[in-house]
Amino acid sequence: MPSEYAKSLGARLRAIRTQQGLSLHGVEEKSHGRWKAVVVGSYERGDRAVTVQKLAELADFYGVPMSELLPGGAAPTPLGPTPKLVIDLERMQQLPQEKAGPLARYVATIQSQRGDYNGRVLSIRQEDLRSLAVIYDRSPGDLTEELINWGVLDPEARRAVDAF
């Protein structure tokens, strides 16, 4: 019998997943099999204990702070999927070094940490955008506009910045 805490944790996991428009099978596909639908479903039902390490990895996969997954805090914000911050790596490679140098170095670090080298796109978190804004000496909103103008971010990214 799942504990109330396990049920609450599972409900938060489910809320984050559905906000991102993902089914359980969608999670498995998007993670290239790293997260099996049956395992994530059992976490969401509270039928299976999730370790702190696995929870941190799920938070990373979903692109949310781990605190968003833990019961007891504010409920995850409803209102549909959170817009993604996705860097177009192919477009970034076409930019002049003086523009894209800091971004390219930051992206390379994230790729190295995640072992994510698909070469086409890279999802970043809002915290990453804040860090990049500091590096570029701009506000997150101004940097978002610049990255959109460069063709590196989709205009939908504006909604993610509005969520700050």
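**Figure 1. Helix α3 and what covers its buried residues.** Among the elements that cover the buried residues of helix α3 are α1 (4-19), α2 (24-30) and α4 (52-62), where contact means heavy atoms within 4.5 Å. This is a predicted model, in which local features need pLDDT of at least 70 and side-chain atom pairs count only at pLDDT 80 or more, while totals for chains, interfaces and linings use all residues. Residues are numbered from 1 along each chain as its sequence is written, and side-chain values use heavy atoms, with hydrogens and water left out. Helix α3 spans residues 37-45 and is mostly covered, since seven of its nine residues are buried, namely A37, V39, V40, G41, S42, Y43 and E44. Here buried means under 20% relative accessible area, exposed means over 50%, and partly exposed lies in between (1.4 Å probe, protein chains only). After α3 comes G46, whose phi is positive, near 80 degrees.

**Figure 2. The largest nonpolar core.** A nonpolar core is a set of buried Ala, Val, Leu, Ile, Met, Phe, Trp, Tyr and Cys residues joined through side-chain atoms within 4.5 Å. The largest one in this model has 25 residues, and I87, M92 and L103 are those with the most contacts inside it. At least two residues of this core come from each of β1 (85-88), α5 (89-94), α6 (97-114), β2 (121-124), α7 (126-136), α8 (140-150) and α9 (157-162). The largest share, five residues, is supplied by α6. In soluble globular proteins, nonpolar side chains tend to be buried together.

**Figure 3. M92 and its contacts.** When its neighbours within four places in sequence are left aside, M92 is in contact with I87, A100, L103, A104, V107 and V152. Apart from the core that holds M92 lies another core, of 17 residues, which includes L22, V27, V50 and L55.

**Figure 4. The protein chain around these views.** The protein chain has nine helices and two strands, which are DSSP runs numbered from the N terminus (helices H or I, at least four residues; strands E, at least two). The radius of gyration, taken over C-alpha atoms, is 17 Å, close to the 15 Å that the globule rule (2.2 Å times the number of residues to the power 0.38) gives for 164 residues, so the protein chain is as compact as a globular protein of that length. Buried residues make up 38% of the 164 residues. Of the contacts between residues at least 6 apart in sequence, 60% join residues at least 24 apart.
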